[in-house]
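Colleague: I am new to this structure. Please take me through one part of it closely, and then show what ties the chain together around it.

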Amino acid sequence: QLQFVESGGGLVQPGGSLRLSCEASGATTNHYAIGWFRQAPGKEREGVSCISTSGSTTAYGDSVEGRFTISLDSTGYTVYLQLAGLKPEDTAVYYCAALTYCRAYDLRKLSGVDFDSWGQGTQVTVSA
């Protein structure tokens with residue numbers, strides 16, 4: 001069973017930056033894409049970004065396009081999410097999980113997401 005551990009969250013001022021890490025364990029990542037998702041209090045889960053396990057394909061949600069960057073380390077087991085230009089509305093718990101395909105559609109619809117692989121999350125708070 002593929003599992004993830006997220007880290008790197010914190011409190012940051014508007015306009016600031018953070019780098020989140022997502023470390024996979026328990027199974028091979030070869031047959032999955034890996035995505036970042038977030039959930040703010042009282043709101044539905046939202047797909048943020050994803051990357052194929054080859055690193056060749058990425059996708060972003062509309063609300064973060066141009067501000068966040070996803071990347072994969074050389075082992076293929078750690079995914080990073082660089083957050084820049086943070087806004088108060090980016091405040092949420094950020095999670096990573098495996099998904100079948102990495103496409104903007106899959107992020108919008110949360111399609112093909114393996115919620116059993118959902119980690120504990122890391123809190124990002126954007127506030128002055």
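Modeller: First, a term: strands, marked E, are DSSP runs of at least two residues, numbered from the N terminus. Keep in mind that this is a predicted model.

Start at arginine 67. Arginine 67 sits in a loop, with strand E6 (58-60) on one side and strand E7 (68-72) on the other. Is arginine 67 buried or exposed? Its relative accessibility is 15%, so arginine 67 counts as buried; the cut-off for buried is under 20%. Leaving aside residues up to four places away in sequence, arginine 67 touches Gln82, Leu83, Ala84, Gly85, Leu86, Lys87 and Asp90.

One of these contacts is charged. Aspartate 90 forms a salt bridge with arginine 67, and the closest N and O atoms are 2.7 Å apart. Aspartate 90 lies in the loop between strand E8 (78-83) and E9, while arginine 67 is in the loop between E6 and E7, so the pair ties together parts 23 residues apart in sequence. Aspartate 90 counts as buried, because its relative accessibility is 0%.

Glutamate 46 pairs with arginine 38 in a salt bridge, with 2.9 Å between the closest N and O atoms. Arginine 38 is buried, at a relative accessible area of 5%. Glutamate 46 counts as partly exposed, at 28% relative accessibility.

How many salt bridges does a search of the whole structure find? It finds four. Among them is the one between aspartate 106 and arginine 103, where the closest N and O atoms are 2.6 Å apart. Aspartate 106 is buried, with a relative accessible area of 1%. Arginine 103, at 41% relative accessibility, counts as partly exposed.

Next come the covalent links. The whole structure holds two disulfides. One joins cysteine 22 to cysteine 96, with an S to S distance of 2.0 Å. This pair links distant parts of the chain: cysteine 22 is in strand E3 (residues 18-25), cysteine 96 is in strand E9 (residues 92-99), and they are 74 residues apart. Both cysteine 22 and cysteine 96 are buried.

Another disulfide joins cysteine 50 to cysteine 102, S to S 2.2 Å. Cysteine 50 belongs to strand E5 (residues 46-52), and cysteine 102 to the loop between E9 and helix H1 (104-109), 52 residues apart. The torsion about their S-S bond is about 90 degrees, so this disulfide is right-handed. Counting bonded cysteines along the chain, the disulfide pattern is 1-3, 2-4.

Notes:
Residues numbered from 1 in each chain as written. Predicted model: local features only at pLDDT ≥ 70, side-chain atom pairs only at ≥ 80, totals over all residues. Heavy atoms only, no water. Helix = DSSP H or I, 4+ residues; strand = E, 2+ residues; numbered from the N terminus. Buried < 20%, exposed > 50% of the residue type's maximum accessible area, 1.4 Å probe, protein only. Contact = heavy atoms within 4.5 Å. Disulfide = S-S within 2.5 Å. Salt bridge = Lys/Arg side-chain N within 4 Å of Asp/Glu carboxyl O.
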